[in-house]
Amino acid sequence: FETPVAMEVVICAAPSNNAASMAALFKRQGCTVRFTEDPADVSAASFLVVPGVGEFGSAAAWFSGPRYDAVVRRLKDPTKPTLCVCIGLQLLLDSSEEAEGTGFGIIPGRVKGFPQGVRVPQQGWNLVQPVGQCMYAQSAGHAFFSNSFYVPAIPAGWGGALALHGVSFVGCLERGRILACQFHPEISGSWASGIIRRWLTPVVPVRAAPMVKHSGLARRVIACLDCHEGKVVI
């Protein structure tokens, strides 16, 4: 059961992304959803989503020019509710080992590829464990990942959660009203829906429980996939 939340969420309509399934997630939360390519909408949105599927270079290319400027200005203001998903999280950094392209540069550093010998892509459910005090990821839970590249550590000035796939990596980041998820919240069940609900309607941050040891990917199955206008929707 999803608690209705009467809010408009604006989703960046970049090509080759998970916008359709992200829209379904917010509609389940009771929100209205609108897609945009307009930098003015990026600046003015009450809630903005930067979705991502694909590779770093093509995503960075779409966010060039006025769209790049609008997103960067917004991300520099932690009071503006902004959600970045998958490649969207990686774009917060300067660059990536995956491909040429200029990230948003909000977090200094370079996105890394999983080391040799680690199965790629990471495709499945993995345990995400918050570190320190978090507003959105308030407890550990399993989420669905699909990635071959990762952000190595939670940067100074940010909260967040970690996961393990051969190496420790960032599962999500948060700073003020900015939330960035390496996992896909739209297909990660009730735990991730709770994170999104708290992003829409903030609550008091809590200190996370101590992290526990685990071996990485969990054994789970996606129950259902569907398509809408040629895009996968969960």
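Trainee: How many bridges join strand E1 to strand E2?

Mentor: First the general idea: strands, like helices, are DSSP runs numbered from the N terminus (strands E, at least two residues; helices H or I, at least four). Two strands pair if DSSP finds at least two bridges between them. In this structure, E1 is joined to E2 (residues 32–36) by 5 bridges, and the two run parallel. Val10 has Arg34 as its bridge partner in E2. A word on the source: this is a predicted model, where local features need pLDDT of at least 70 and side-chain atom pairs count only at pLDDT 80 or more, while totals for chains, interfaces and linings use all residues. Residues are numbered from 1 along each chain as its sequence is written, and side-chain values use heavy atoms, with hydrogens and water left out.

Trainee: Which residue of E3 does Val10 stand opposite?

Mentor: Leu48. E1 and E3 (residues 47–50) also run parallel, joined by 3 bridges.

Trainee: Is E1 buried or exposed?

Mentor: Buried means under 20% relative accessible area, exposed over 50%, and partly exposed in between (1.4 Å probe, protein chains only). Here 4 of the 5 residues of E1 (residues 8–12) are buried, so the strand is largely enclosed by the rest of the structure.

Trainee: And how many residues of helix H1 are buried?

Mentor: A general point on helices: an α-helix has 3.6 residues a turn, so residues three or four places apart point the same way. In H1 (residues 19–28), 8 of the 10 residues are buried, so this helix too is largely enclosed by the rest of the structure. Among the buried ones are Met22, Leu25 and Phe26. Gly30, with a positive phi near 90 degrees, follows H1.

Trainee: Which residues have the most contacts inside the largest nonpolar core?

Mentor: A nonpolar core is a set of buried Ala, Val, Leu, Ile, Met, Phe, Trp, Tyr and Cys residues joined through side-chain atoms within 4.5 Å. The largest one here has 35 residues, and Phe26, Leu83, Phe183 and Trp199 have the most contacts inside it. Helix H6 (residues 189–200) gives the largest share of this core, 6 residues. Leaving aside neighbours within four places in sequence, Leu83 is in contact (heavy atoms within 4.5 Å) with residues including Met22, Phe26, Leu48 and Trp199.

Trainee: Where does Ser188 lie?

Mentor: Ser188 is in the loop between strand E13 (178–181) and H6. At 2% relative accessibility, Ser188 counts as buried. Its side chain reaches the backbone oxygen of His184 at 2.6 Å.

How values were computed:
Polar contact = N/O pair within 3.5 Å; in protein donor to acceptor, adjacent residues only side chain to side chain.
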